[in-house]
Amino acid sequence: MTTAIEHHPSDETVFSYAAGALPAALALVVGCHLQYCRRCRALATKGEELGGSLLAGLEAKPLSAGRRESVMAMLDRPVAATATPEVPAANPGQLPSLLRKLVGHDSYDALAWKSIVPGVKRIDLQCGEGEAMLLRIGAGKKMPVHSHGGQEMTLILSGGYRDLIGQFNAGDFADLDGSIAHQPVADADEDCICLAGLDGPLKFKGLIARVLQPFFGI
Ligand SMILES: [Zn+2]
């Protein structure tokens, strides 16, 4: 089974990942997306080439006109698969290999999910920098409305959800900054499992959500 990925990290995010400049929690989410997405893998490779080329230039002397042209040409070079490629769908029920190493299990059902609000379960991931977690939103259930103190990156691993931005399915990537308040609602037919990375705490809206916030522990 294949599915088209419609939502990708921004080019800036992929280049930051390639440069090793993202906090670990965010790098984990981007890295897992790259396991599914040929387009973003190609972009990350381009970012690494460009970074190496710029470093080589810095070590020598200011960029010559010819070198500057070649760097600009590299930036302009279209990514190999600019049209959204067909990629294998995230394997339902199976964790991406990067995550398997962190949690020590292959299957979502083998994990020790903790219920945080009715219909939503969570597992904290220890990645050393920022907050990373797996979220399991029950079929047809919704997350409390929330925004973010910093940046939130989310990768859909299984199932799908809809929010004010659109529909997100397995492999899709949501890149949100602190200005957006959203309330993902899982598809009605199956649980939605997401990997989320935060570099700032979630901020819940409304009285009920504020009462619930301590249960999220962030
Ligand atoms: Zn992508």
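Which residues in H1 are buried? In this predicted model, the buried residues of that helix are Thr 13, Val 14, Tyr 17 and Ala 18. They span an arc of only 140° around the axis, which places them on the same side of H1.

Let's turn to the largest nonpolar core, which has 44 residues. Those that touch the most other members are Val 29, Val 30, Leu 155, Cys 194 and Leu 195. Helices and strands both contribute: H1, H2 (24-36) and H3 (38-60) each give two or more residues, and so do strands E5, E7, E10 and E12. The biggest share comes from H2, with nine residues. Because domain 1 (2-88) and domain 2 (97-216) both supply residues, this core lies between them. For a close look, pick Val 29: leaving aside residues up to four places away in sequence, Val 29 touches Met 153, Thr 154, Leu 155, Leu 195 and Gly 197.

Now find the open sheet of three strands, ordered E9-E8-E11 with antiparallel pairing. Strands E9 (166-169) and E11 (185-186) are at the edges with a single partner strand each, so one side of each has no neighbour in the sheet. Strand E8 (residues 160-163) pairs with E11 in the antiparallel sense over two bridges.

Methods. Residues are numbered from 1 along each chain as its sequence is written. This is a predicted model: local features need pLDDT of at least 70, side-chain atom pairs count only at pLDDT 80 or more; totals for chains, interfaces and linings use all residues. Two strands pair if DSSP finds at least two bridges between them. Helices (H or I, at least four residues) and strands (E, at least two) are DSSP runs, numbered from the N terminus. A nonpolar core is a set of buried Ala, Val, Leu, Ile, Met, Phe, Trp, Tyr and Cys residues joined through C-beta atoms within 7 Å. A residue is buried if 20 or more other C-beta atoms lie within 10 Å of its own, exposed if 12 or fewer, and partly exposed in between; C-beta atoms are placed from the backbone. Domain bounds come from an automatic or database domain assignment. Two residues are in contact if their C-beta atoms, placed from the backbone, lie within 7 Å. The arc is that of the directions from the helix axis to the C-beta atoms.
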